[in-house]
Amino acid sequence: RLARLDGARFAPEMAEFGMWQPVAFMKAGLAGIYFLEPYSPAKVPVLLVHGMHGTPRDLAPFIARLDRKRYQPWLYYYPTGVEVDSAANGLFGMLNKLRREYDYPRLHLVGYSMGGLVTRAFFDFCAREGECGEVRSLLTLAWPFAGGAWAERGVKHAPAVMRVWRSLAPDSEF
């Protein structure tokens, strides 16, 4: 879908919504891959994946520096309260749909913070399915590859446990 980076769907309060009410976030139709301009086969898509408690608007500095004559930003917007594998599975399915629709030959991925974990898990789906040959590069920034002790403390002690904390605990299966 087309969207504006300064639109209401990417407002900071929506990050809160996606973190604490991920199912309602998805039912509201907010999750998806968004384009800032109509698809152009002359441009290489660069998919940007935001971090925890974030929205694609957080990636505005990256988007501002992107050579928009050669590259087209795509934004993966997901509720960050879900488990990392769930967010990656959604990304895998959406990109497969876009690949069938647009048949783009190349794609670059950029994952920031938790978005780096989502893109890493996305590659696990690619390996299992034998797909994703169009992905040419992956850049991850500030991703918590070893998890976080704060997530483990949240799982053990918080009165309400977010599903994502289970993925991000250092001793998790993920």
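## Exercises on a predicted model

Phe174 touches Val84, Asp85, Leu117, Arg120, Ala121 and Ser167, leaving aside residues up to four places away in sequence. The structure is a predicted model, and the exercises below begin with this residue.

**Exercise 1.** Determine where Phe174 is placed and whether this residue is buried, partly exposed or exposed.

*Solution.* Start with the chain: Phe174 lies in the segment that comes after helix H7, which spans 163-168. Next, take the relative accessible area of Phe174, which is 27%. Buried means under 20% and exposed means over 50%, so Phe174, at 27%, is partly exposed. Finally, consider Arg9, which is 165 residues from Phe174 along the chain, and whose C-alpha atom is separated from that of Phe174 by 29 Å.

**Exercise 2.** Identify the buried residues of helix H1, work out how they are arranged about the axis of H1, and name elements that cover them.

*Solution.* Within helix H1, residues 12-20, the buried residues are Met14, Ala15, Gly18 and Met19.

**Exercise 3.** Find the disulfide of the structure and describe its geometry and burial.

*Solution.* The structure holds one disulfide, and this link joins Cys126 to Cys132 with an S to S distance of 2.0 Å. The angle about the S-S bond is -80°, and the link of Cys126 and Cys132 is left-handed.

Notes. Residues numbered from 1 in each chain as written. Predicted model: local features only at pLDDT ≥ 70, side-chain atom pairs only at ≥ 80, totals over all residues. Heavy atoms only, no water. Helix = DSSP H or I, 4+ residues; strand = E, 2+ residues; numbered from the N terminus. Buried < 20%, exposed > 50% of the residue type's maximum accessible area, 1.4 Å probe, protein only. Contact = heavy atoms within 4.5 Å. Arc of directions from axis to C-beta. Disulfide = S-S within 2.5 Å.
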